[in-house]
Amino acid sequence: MYLSKEEERILNGEFGEGKRKALEILLAIGKIYDADRLMPIKSAHISGVSYNNIGDAGLDFLREFSVEAKVSVKATLNPGGVDPSRWQEMGIDEDFTRKQMEVVNVFRRMGVETTLTCTPYLVGNTPSKGDHIAWGESSAVAYANSVLGAMTNRESGISALAAAIIGKTPRYGMHVKEERVPKVRVKLKVKLREPSDFGALGYIISKKIGGEVPWIEGIKNAGIEELKMLSASIATYTGLPIFHIPGITAEWRDFDVPREVVEIDDIDMKDAYEYLSESFDGIDLVWIGCPHTTVEELRKIARLLEGKSVKTELWITTSRRVRQEAEKLGYIRIIGGAGAKVICDTCVVVAPLKGKFKTLVTNSAKACYYCRGVNNFMVKVANLEKCIEAALKGIWIE
Ligand code: F3S
């Protein structure tokens, strides 16, 4: 890999041990992926924040790293394992909460903005088309590449942190325009009506075309809510960091329409919902907010809950910034009045909730995948209205 004079000096330790270590990490990754050089980035988004996932070994590593290392570009943080103001309501113990806060404080000392959200693009980390960035969190990566047209590989927590410290990332993969070319034309013969349908679509695409970059035709309108759901689902089920939708995503004019065609119809959609929904009646938890909700979603939830009371746990996960905005608009008061919880800084997947619930209803296909795989929950996926109805009734009625 080509190294500039300054990079050579960093590697010789002239700028401290933290920077030297960070550069070594980037060079090791660059070597694996055959990158030719490092390139400057506009921002980083760092995953691997939950103490539930990183444990004491991760915390020790970060502590040591933080002594000398500081980030040199805008850097935001993915959710941790607990909302520190609601740990008791979440059934999480004090010791875990203390450790999680220590993790967050270490990142803060390094200059990272402790946003604790998987939707950094809703809280001020909003790159433009063509910007090179180094983001972790697969759903945010797919959103940044596809919707915003920024360029990022799917970074790990440690590689995103190293990139934030050096302000550069190895040039390979999604940083190269040719790697972003759509390969299969996906024609939708079914109308997508709800954000949850966009989640189901990610699952269908994985079944029909696997890991080829899709060019998805047949979507007339899609807002942030639909696109974040599709980004999360495509990244989860196909592992892809990018997709294109003519007329909607950022780079659709930059590429030719692929020749290979695959169609998706209402039978595929029905099959997807069947796959995403297991059979049970009693509901332990209803979860909205994977990825973290927008203010608009909180407005809809407040409208559906106004003057009513939930009969089962209803958790809505979001960022602190979005919660504050929704608070000013009166949505949080209405949602809280119905007995639901608006939880910040974390989510049901990265919090230590294994064994605490058995059955989950959600509107997110990504949540379904991880709550089955990580938490051993039985899961049903339905649209937002049906999820809220389930929380109000406390049981599932077909
Ligand atoms: Fe975000 Fe957790 Fe889902 S980090 S994308 S809410 S699994």
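Which residue in β11 is the bridge partner of Ile 316? The partner is Val 342. This is a predicted model, in which local features need pLDDT of at least 70, side-chain atom pairs count only at pLDDT 80 or more, and totals for chains, interfaces and linings use all residues. Residues are numbered from 1 along each chain as its sequence is written, and side-chain values use heavy atoms, leaving out hydrogens and water.

**Domains**

The domain assignment gives domain 1 (5–177), domain 2 (181–275) and domain 3 (277–393). These bounds come from an automatic or database assignment. The C-alpha centres of domains 1 and 3 are 27 Å apart. In contact (heavy atoms within 4.5 Å) are 27 residues of domain 1 and 22 residues of domain 3.

**Two sheets**

Helices (H or I, at least four residues) and strands (E, at least two) are DSSP runs, numbered from the N terminus. Two strands pair if DSSP finds at least two bridges between them. Angles run from 0 to 180 degrees between N-to-C directions, with axes fitted to C-alpha atoms, for helices over the stretch in contact.

| β11-β10-β9-β12-β13 | parallel | β11 (341–344), β13 (378–381) |

The five-strand sheet is open. Its twist averages 25° from one strand to the next. Strand β10 (residues 313–318) joins β11 through four bridges.

Four bridges link β6 (residues 184–188) to β8. Arg 185 has Val 261 of β8 as its bridge partner.

**A helix pair**

Helices α8 (residues 224–238) and α13 (residues 365–373) pack at about 40°, with axes 8 Å apart. They are therefore oblique to each other; angles under 35 degrees count as roughly parallel, over 145 as roughly antiparallel, 65 to 115 as roughly perpendicular, and the rest as oblique. Lys 366 of α13 is one of the contact residues.

**Around the ligand**

Lys 366 also belongs to the residues surrounding the ligand, among them Cys 118, Glu 137, Trp 287 and Cys 347. A residue counts here if one of its heavy atoms lies within 4 Å. Domain 1 and domain 3 each supply at least three residues of this shell.
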